[in-house]
Amino acid sequence: MNKFLLLAVLGLSASAFARNSCEVDMIDNHTGRILDTFRVIDLDGSCKEGMKQCRFEIRQRNYLGRADCVKEQVRPVPGPRHPVPGPSYPTPHHPIPAPEYGSEARRQIIAGESAIMNNRFVTVLGTSFGGTTAVKSTDGWSTIASNIDRSILAETKGCINSHYSQVCVGNQVIGQNNRYSTVVGIQIDGRVVLKSTDGWSTLQSNVEPSNLVITR
């Protein structure tokens, strides 16, 4: 093959890989430190192969219960792994997370602990050999669900920290709707779950902690 044609093919392959790549980080549950990163071709956004590789390495290294796999977003173009949008200095609208941000939220939830899944409280029954979780509902039906990915479970204890403040499970807050709520869960991505205090006890997930005013 002509060397110029070969270089062009390699260039196109690299470009395609960059456009369709997905990264999975192996995270230390106790410190939040990235232990390893797995990068694979990802065409449908599921990143299944990356998660498989990460979980396989967790088993190989005897890290079950000590490490977890966190999927990065598929990047449409090459760029830095962790771009930081907005200003590089802290402001009320762009707080810079402290080093411990997210480390508690990413830990493995062990058997017997309470968690929140799809805005419902569940009890964790255990973790499978492949790293997924089995849970049981606590709403009276005792329904069991297995093969649950850790990323969709919010833990019901712990805190999220920034340079300005700390939001913990149990805090009373005022949300963007100017209504009082209680923080009842912390998601693996650092967002929180709120329970309304208006008598309905409605759960609201995917709430950015930076949008909350802590009252106690």
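View 1. At a relative accessibility of 19%, R55 counts as buried (buried is under 20% relative accessible area, exposed is over 50%, and partly exposed is in between, using a 1.4 Å probe and protein chains only). This is a predicted model, where local features need pLDDT of at least 70, side-chain atom pairs count only at pLDDT 80 or more, and totals for chains, interfaces and linings use all residues. Residues are numbered from 1 along each chain as its sequence is written, and side-chain values use heavy atoms, with hydrogens and water left out. D149 forms a salt bridge with R55, with the closest N and O atoms 2.3 Å apart (a salt bridge is a side-chain nitrogen of Lys or Arg within 4 Å of a carboxyl oxygen of Asp or Glu). R55 sits in helix 2 (residues 48-60) and D149 in the loop between strand 7 (144-148) and strand 8 (153-155), so the pair ties together parts that are 94 residues apart in sequence. Helices (H or I, at least four residues) and strands (E, at least two) are DSSP runs, numbered from the N terminus. D149 itself is partly exposed, at 22% relative accessibility.

**View 2. R39 and E23, strand to strand.** Here the closest N and O atoms of the R39–E23 salt bridge are 3.8 Å apart. The pair links distant parts of the chain, 16 residues apart: E23 is in strand 1 (residues 21-28) and R39 in strand 2 (residues 34-41). E23 is buried at 6% relative accessibility, while R39 is partly exposed at 37%.

**View 3. K157 and E113, loop to loop.** This salt bridge has its closest N and O atoms 3.2 Å apart. K157 comes from the loop between strand 8 and strand 9 (159-161), and E113 from the loop between strand 3 (67-71) and strand 4 (114-117), 44 residues apart. K157 is partly exposed at 46%; E113 is buried at 13%.

**View 4. The largest nonpolar core.** This core has 11 residues, among them C22, V24, F38, M51, I58 and C69 (a nonpolar core is a set of buried Ala, Val, Leu, Ile, Met, Phe, Trp, Tyr and Cys residues joined through side-chain atoms within 4.5 Å). Strand 1, strand 2, helix 2 and strand 3 each give two or more residues to it. Leaving aside neighbours within four places in sequence, M51 is in contact (heavy atoms within 4.5 Å) with V24, C69, K71 and D149. A second, separate core has 8 residues, including M117, V122, V124 and I148.
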